[in-house]
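Hi there,

Here is the structure I promised to pass on. Have a look at it first, and then read on for what turned up.

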Amino acid sequence: MADTASQLPPLRDVIARFGLGARKSLGQHFLLDLNLTGRIARAAPDLVHGTVIEIGPGPGGLTRALLAEGAAQLIAVEKDRRCLEALTELAGHYPGRLELVEGDALALPLPQLGQPPRQIVSNLPYNISTALLINWLETLAGDPAAFSSMTLMFQKEVAERLTAEPGNRHYGRLTIITQWLCEVRPLFDIPPRAFTPPPKVTSSVVSFRPRPSPLATASLKNLERVTAAAFGQRRKMLRQSLKSLFENCSETIESLGLLPTARAEELSVEDFCSLARLLDNTSANGA
Ligand code: SAM
């Protein structure tokens with residue numbers, strides 16, 4: 001495998017030969033440092049079994065690393081047609097291991113690609129990184145086995161929201177939904193200068209391990225409703241911010257052993273699930 005990797009042309013040559021100037025509209029910031037792409041690939045668990053789905057391979061830096069680290073069945077989904085020609089050449093170096101899919105990752109049903117277990121690995125296009133994550137979380141809410149893991153790079157600010165603890169200023173709706181469904185771990189940061197062209201902010205790689213079942217019972221719809229209300233007015237006390245959802249708001253909050261004077265960021269994921277379950281049973285909430 002190392003032999004194959006050493007036969008490949010430098011990524012800068014590939015970019016020049018195929019005219020892959022970075023497009024801002026596609027969130028293109030390429031990683032050309034093989035040490036870093038190797039580090040991300042090694043952070044992904046068990047590349048050998050099942051299917052590795054890479055979103056946005058671009059010129060193929062991370063793709064090469066995943067193959068060199070042993071990915072046996074890699075499906076790379078890329079929207080930019082210019083990159084596909086370059087990637088076809090890479091696929092030729094790894095017969096039967098790299099499949100290319102031209103398309104929009106926001107529109108593709110990833111659980112239909114390849115064989116399970118499926119994992120996602122990506123240096124995500126930043127302009128749609130949270131939209132993609134929310135799609136995949138919705139998939140996991142319906143089927144916790146849809147993805148065995150996700151190893152994803154975000155802007156550090158998004159990574160902080162995903163991994164925040166209660167009381168932290170980054171703790172919010174995305175934190176709750178993500179941690180409800182997945183064990184989330186920050187792995188390491190990558191500075192802007194490592195990318196071509198450099199983005200404005202630092203990036204962070206985050207590991208997601210979907211839980212076999214969500215942390216506590218709740219419907220995604222009502223968890224979203226209750227977190228939207230609570231964090232929509234995050235500085236307000238719950239008795240105020242949840243008023244539109246529960247008729248006897250303070251009593252309802254107290255019945256769960258929570259303080260009506262608490263603020264959203266003081267509640268745990270399980271607390272929000274308790275509130276969401278109450279919505280399941282309440283008819284006076286417009287559900
Ligand atoms: N993986 C490469 C790397 O690490 O150097 C490129 C990462 S770059 C941050 C994001 C990639 O996602 C680009 O190649 C871009 O064309 C692709 N992309 C952007 N929007 C996409 C979409 N909706 N579906 C699939 N790929 C997309």
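A word on terms before the helices: axes here are lines fitted to C-alpha atoms, for helices over the stretch in contact, and the angle between two of them is taken between N-to-C directions, from 0 to 180 degrees. Please keep in mind too that this is a predicted model.

With that in hand, let me start with helix α6 (residues 129-142), which packs on α8 at an angle of about 40°, the two axes being 10 Å apart. On the α6 side the contact is made by T130, L137, L140 and A141, and on the α8 side by L174, I177, T178 and L181. Sorted by class, the contact of α6 with α8 has 6 nonpolar residues, 2 polar ones and no charged ones.

Helix α8 (residues 173-181) also meets helix α9 (residues 220-232): their axes come within 9 Å and cross at roughly 150°. That angle makes α8 roughly antiparallel to α9. Here the crossing is right-handed. From α8 the contact takes R173, I176, I177 and W180, and from α9 it takes L223, E224, T227, A228 and F231. The contact of α8 with α9 divides into 6 nonpolar, 1 polar and 2 charged residues.

There is another partner for α8, namely helix α12 (residues 269-281), with an angle of about 95° and axes 10 Å apart. The angle makes α8 roughly perpendicular to α12. I176, Q179 and W180 are the α8 residues in this contact, facing V269, F272 and C273 of α12. By class, 5 of the residues in the contact of α8 with α12 are nonpolar, 1 is polar and none is charged.

Now to the ligand. Which residues are closest to the ligand? They are G56, G58, A105, N123 and P125, out of 23 residues that surround it. Among the elements that each supply at least two residues of the shell are β1 (30-31), α4 (61-68) and β3 (74-78). The shell around the ligand is made up of 12 nonpolar, 7 polar and 4 charged residues.

A few backbone details are worth a look as well. P116 and P117 are joined by a cis peptide bond, with omega about -10°, and P117 sits in the loop between β4 (98-102) and β5 (118-123). Another cis peptide bond joins T196 and P197, with omega about -10°; P197 is in the loop between β8 (195-196) and β9 (203-210). D46, a residue other than glycine, has a positive phi near 35°, and D46 lies in the loop between α3 (34-43) and β2 (51-55).

Finally, the annotation. An unreviewed UniProt entry lists residues 36-212 as "domain: Ribosomal RNA adenine methylase transferase N-terminal". In the model, that span is 34% helix and 27% strand, and its end C-alpha atoms lie 31 Å apart.

Terms used
Residues are numbered from 1 along each chain as its sequence is written. This is a predicted model: local features need pLDDT of at least 70, side-chain atom pairs count only at pLDDT 80 or more; totals for chains, interfaces and linings use all residues. Helices (H or I, at least four residues) and strands (E, at least two) are DSSP runs, numbered from the N terminus. Angles under 35 degrees count as roughly parallel, over 145 as roughly antiparallel, 65 to 115 as roughly perpendicular and the rest as oblique. A crossing is left-handed if the near helix is turned anticlockwise from the far one by less than a right angle, and right-handed if clockwise. Two residues are in contact if their C-beta atoms, placed from the backbone, lie within 7 Å. Ala, Val, Leu, Ile, Met, Phe, Trp, Tyr, Cys and Pro count as nonpolar, Asp, Glu, Lys and Arg as charged, and the others, Gly among them, as polar. UniProt positions are given in the numbering used here, feature names are shortened, and annotations may be inferred rather than shown by experiment. A residue is near a molecule or strand if its C-beta atom, placed from the backbone, lies within 6 Å of it.
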